[in-house]
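Let's go through this one together, question by question. Have a look at the model first.

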Amino acid sequence: MQTGVFLGLSAALLWGVADFCARGASRAAGTFRTLLFVEVIAIPALLLLTGPFELIVLRAEQWPLILAAALVGLIILGGAGLLYRAFAIGKLALVSPIASAFAAVTALLAIATGERLAGLTLLGVIVTLVGVTLASTSGEGAHAGENKAAEQGKHRLAPGLPEAIGAMLTFGVGYWLLDFIVPTLGGVTTAFIAKVGDLIALGAIALFLTWRAPRKPQPELRISQTFWLWVIPVALLDTAANIAYNIGIATALTSVVVTLSSLFSAVTVLLAWVILRERLALWQWVGVLTILLGVLLVNLRA
């Protein structure tokens, strides 16, 4: 159990810092380039660090599980794309806690597939959904003296909220499915397969977009030094977090690891508040704190 707690908290810390860096990378070069270069950097780094220990083991007879791991990786990649887009257009302190509520989605899927949840777990799901509702209202236009249009606009979804909610749902499904794969393939091998599958998919999309582009002179592609300073930490920290999570659910209770790792938003919110000076409306802060409380309750056993 102590191992699961350590790995869950490690994943939370690594994901929290990675998501903060992902905001900078996404705003510097866009969501797609961030996703693509994360995989380009992560795969060689993963091979370099794990190769001497022979932690990546692929067997021909396991091809159905290998294919399943690649498909689940693509699901999680979709969630990452939505989340990075939310980072690029929204407030980090708002969208990150909503995405972290994927633990509630995982719990609901567990209920749907026959698992009986303890009272605290079910309460955590309800509390999390309430928090998402509170946090999902834009704080713009809330000050007195603004025009009528701005006053009406305060009830619309804040920028990045639809993407964050989509990431929450996608991550919830993806990380739930990992529990059926990791115990057999292992945490490091599963992470490697997912990374390779993601790179193939992203590379195919890039080639398709290039082929469909108008045949006319294109402006020179320049990626700033700022982008590299952000994207390299994203690739390394996100990969390390995935491995910590995968090993955690293979060696300890999934409920414990999921709950602790989903606290990554607390790290991201703290960084956004201290470094970016992000400000939210009062009810949005209430929503964020409610989400964090719900995440703590989700999947806990009575």
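This is a predicted model: local features need pLDDT of at least 70, side-chain atom pairs count only at pLDDT 80 or more; totals for chains, interfaces and linings use all residues.

Author: Residues are numbered from 1 along each chain as its sequence is written, and side-chain values use heavy atoms, with hydrogens and water left out.

Reader: How many salt bridges are there, by the rule used here?

Author: The rule asks for a side-chain nitrogen of Lys or Arg within 4 Å of a carboxyl oxygen of Asp or Glu. Lys195 pairs with Glu39, with the closest N and O atoms 3.7 Å apart. Lys195 also meets Asp238, at 3.3 Å from N to O. By this rule the count is two.

Reader: Which residues do salt bridges that share partners join into one network?

Author: The Lys195–Asp238 bridge runs from helix H10 to helix H11 (residues 225-251), 43 residues apart; helices here are DSSP runs (H or I, at least four residues), numbered from the N terminus. The network joins Glu39, Lys195 and Asp238.

Reader: Is Asp238 buried or exposed?

Author: Buried means under 20% relative accessible area, exposed over 50%, and partly exposed in between (1.4 Å probe, protein chains only). Asp238 has a relative accessible area of 13%, so Asp238 is buried.

Reader: Which backbone oxygen does the side chain of Thr189 reach?

Author: Thr189 sits in helix H10 (residues 187-212) and is buried, at 1% relative accessible area. Beyond its neighbours within four places in sequence, Thr189 is in contact (heavy atoms within 4.5 Å) with Leu55, Ile56, Val57 and Leu58. At 3.3 Å, the backbone oxygen that its side chain reaches belongs to Leu55.

Reader: Why are the buried residues of H13 on the same side, and what arc do they cover?

Author: The buried ones in H13 are Phe264, Ser265, Thr268, Val269 and Ala272. They are on the same side of H13 because of the arc they cover around the axis, taken from the directions from the helix axis to the C-beta atoms: only 130°.

Reader: Which exposed residues does the face of H13 turned away from its buried side carry?

Author: H13 covers residues 264-276. Its buried side includes Phe264 and Ala272. The face turned away from that side carries the exposed Trp273 and Ile275.

Conventions: Helices (H or I, at least four residues) and strands (E, at least two) are DSSP runs, numbered from the N terminus. The expected span of a helix is 1.5 Å times one less than its number of residues. A polar contact is a pair of N or O atoms within 3.5 Å; within protein, one must be able to donate a hydrogen and the other to accept it, and residues adjacent in sequence count only if both atoms are side-chain atoms.
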